[in-house]
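Work through the exercises below with the model open. Try each task before reading its solution.

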Amino acid sequence: MTSTLLAWLRYLSRICGFETADSFPPGHPYERTRWNGAYFDIASDVKPEQIEHRLCEAIANTPLVFGYITNPTPRMQRMLLEVLEQRMRQNRGRATELALLLVEAYRSPHIREAIPGLRQAIADTEHEEAGERARSVMAFLASTQAPFDVIDMQP
């Protein structure tokens with residue numbers, strides 16, 4: 001009886017938005033995507049499209065929070081790539097740091113590629129040191145003519 005009551009209270013708490021979401025709901029195309037709830041205050045009753053939008057806004061405002069997301073969606077990756085591209089164009093610091101966040105994210109076999117060939121470009125630098133890997137990724141991004149702000153279709 002108490003386990004049923006606790007399960008019901010947990011369900012009620014989640015649908016009322018009293019909990020902080022740390023992943024997309026089960027059955028969502030990106031259900032493997034996880035984030036640290038301490039860095040992203042998203043109520044559990046927020047719709048998945050709005051969740052992704054909020055995470056992308058957080059990445060645009062503070063790109064280093066990308067490191068607290070596991071298996072980021074292609075849209076989240078493109079947001080980081082957009083910030084990275086701006087920093088590369090303006091020769092501002094920390095572009096290398098952002099490229100390394102992307103390299104780290106691609107350690108997961110479950111991440112979906114935001115730009116065709118990016119996974120292979122990162123895999124080709126597997127045995128190099130971090131700085132060289134970041135420069136290789138930035139060189140790959142500079143060589144592609146793919147715009148980073150394209151809206152992706154849901155699978």
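**Exercise 1.** Decide whether H28 counts as buried or exposed.

Solution. Check the relative accessibility of H28: 15%. Buried means under 20% relative accessible area, exposed over 50%, partly exposed in between (1.4 Å probe, protein chains only). H28 therefore counts as buried. Last, follow the side chain of H28, which reaches the backbone nitrogen of Y30 at 3.0 Å.

This is a predicted model, in which local features need pLDDT of at least 70, side-chain atom pairs count only at pLDDT 80 or more, and totals for chains, interfaces and linings use all residues. Residues are numbered from 1 along each chain as its sequence is written, and side-chain values use heavy atoms, with hydrogens and water left out.

**Exercise 2.** Describe how α2 (residues 48–61) packs on α3.

Solution. Start with the axes: those of α2 and α3 come within 9 Å and cross at roughly 20°. Angles under 35 degrees count as roughly parallel, so α2 is roughly parallel to α3. Now list the contact (heavy atoms within 4.5 Å). From α2 come E52, L55, C56, I59 and A60; from α3 come R75, M76, M79, L80 and V83. Sort these residues: eight are nonpolar, none polar and two charged.

**Exercise 3.** Which residues of α4 (residues 95–105) are buried, and what covers them?

Solution. The buried residues of α4 are A95, L98, A99, L101, L102, V103 and A105. Their cover includes α3 (74–90), α5 (118–123) and α6 (130–143).

Conventions: Helices (H or I, at least four residues) and strands (E, at least two) are DSSP runs, numbered from the N terminus. Axes are lines fitted to C-alpha atoms, for helices over the stretch in contact, and angles run from 0 to 180 degrees between N-to-C directions. Angles under 35 degrees count as roughly parallel, over 145 as roughly antiparallel, 65 to 115 as roughly perpendicular and the rest as oblique. Ala, Val, Leu, Ile, Met, Phe, Trp, Tyr, Cys and Pro count as nonpolar, Asp, Glu, Lys and Arg as charged, and the others, Gly among them, as polar. A polar contact is a pair of N or O atoms within 3.5 Å; within protein, one must be able to donate a hydrogen and the other to accept it, and residues adjacent in sequence count only if both atoms are side-chain atoms.
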